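Please read these notes alongside the model.

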Amino acid sequence: MSGRLAVIGLGPGDARWLTPEAEAALTAADALFGYGPYLDRIPHRAGQTRHVSDNREEAARACAALEHAATGAHAALVSGGDPGVFAMAAAVCGEIEAGPDAWRELDVTVVPGITAMLAVAARAGAPLGHDFCAISLSDNLKPWSLIERRLDAASQAGFVIALYNPVSKARPWQLAAALDRLRKHLPSATPIVFGRAVGRPDERVQVTTLEKAEASAADMATLLIIGSAETRIVPRGGLPPLVYTPRAARSVSA
Ligand code: SAH
């Protein structure tokens with residue numbers, strides 16, 4: 001079977017953060033599949049079709065792209081950031097595992113992209129300089145009790161935490177609950193970075209502390225980096241502060 005599917009990461013938004021490999025894979029495709037706002041970032045090319053889907057239809061979108069590839073075509077499925085981080089690559093792998101045998105013969109490539117936590121971290125300094133983890137706050141695909149357990153474990157173990165999907169229209173209270181949970185384990189002065197729409201014209205990066213952090217400062221385009229007890233804020237006159245986590249740690253001090 002000659003069909004091909006490229007699962008492509010577009011990065012967080014700035015066109016300069018699209019890798020040359022992703023650019024080449026987008027050009028080579030004869031059909032683009034993805035959520036509308038991501039497809040909107042890609043220039044139209046003659047002869048290339050577009051298949052826009054709703055953000056919540058992950059499985060259907062993965063199947064549509066696989067079905068197209070299985071006709072011998074060259075499909076591209078796009079994600080913001082990296083396609084393997086809370087995005088389409090896992091949905092594609094799941095559909096291949098569950099789907100017809102022919103899908104296992106497709107030439108499937110995952111093209112990495114800069115994930116949001118790296119872009120936000122770079123804007124703030126080096127908050128991910130020591131051990132860290134990433135947690136999606138969305139309880140659409142897992143129970144809230146599991147998220148609470150992971151927040152407890154990660155903060156108690158001294159990990160810096162990148163929080164993806166902090167809020168959505170259907171999930172208005174979760175971030176405030178998560179911050180309250182973290183306050184049980186971390187010092188009130190723990191640095192927190194709110195990075196919103198980083199790499200896009202409406203970018204906003206705010207540095208605060210766990211004590212002062214307000215859930216209302218985040219929206220769907222925001223990623224939070226919750227420091228560990230080791231994370232530091234370096235104030236600079238007239239310039240934004242630098243937030244960093246030193247490379248060395250002594251013991252778990254949360
Ligand atoms: N695959 C994406 C993540 C998808 S989950 C990636 O690797 O980045 C969607 C979440 O990612 C958003 O709710 C937000 O938390 C974060 N996000 C995506 N783009 C962002 C950006 N430009 N700035 C800040 N956070 C972003």
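1. A residue counts as near a molecule when one of its heavy atoms lies within 4 Å of it. By that criterion 20 residues surround the ligand, and the closest are D82, V85, T115, M220 and T222. This is a predicted model, where local features need pLDDT of at least 70, side-chain atom pairs count only at pLDDT 80 or more, and totals for chains, interfaces and linings use all residues. Residues are numbered from 1 along each chain as its sequence is written, and side-chain values use heavy atoms, with hydrogens and water left out.

2. The shell around the ligand is made up of 12 nonpolar, 6 polar and 2 charged residues. Here Ala, Val, Leu, Ile, Met, Phe, Trp, Tyr, Cys and Pro are nonpolar, Asp, Glu, Lys and Arg are charged, and the others, Gly among them, are polar.

3. A ligand nitrogen atom is 3.2 Å from a side-chain N or O atom of R200, and a ligand nitrogen atom is 3.3 Å from a polar backbone atom of A221. The ligand alone exposes 550 Å², of which the protein buries 92% (Shrake-Rupley areas, 1.4 Å probe).

4. Strands are DSSP runs of E, at least two residues, numbered from the N terminus; two of them pair if DSSP finds at least two bridges between them.

5. Strand 6 runs parallel to strand 13 (residues 239–244), joined by 2 bridges. A126 is opposite Y244 of strand 13.

Technical notes:
A polar contact is a pair of N or O atoms within 3.5 Å; within protein, one must be able to donate a hydrogen and the other to accept it, and residues adjacent in sequence count only if both atoms are side-chain atoms. Helices (H or I, at least four residues) and strands (E, at least two) are DSSP runs, numbered from the N terminus.
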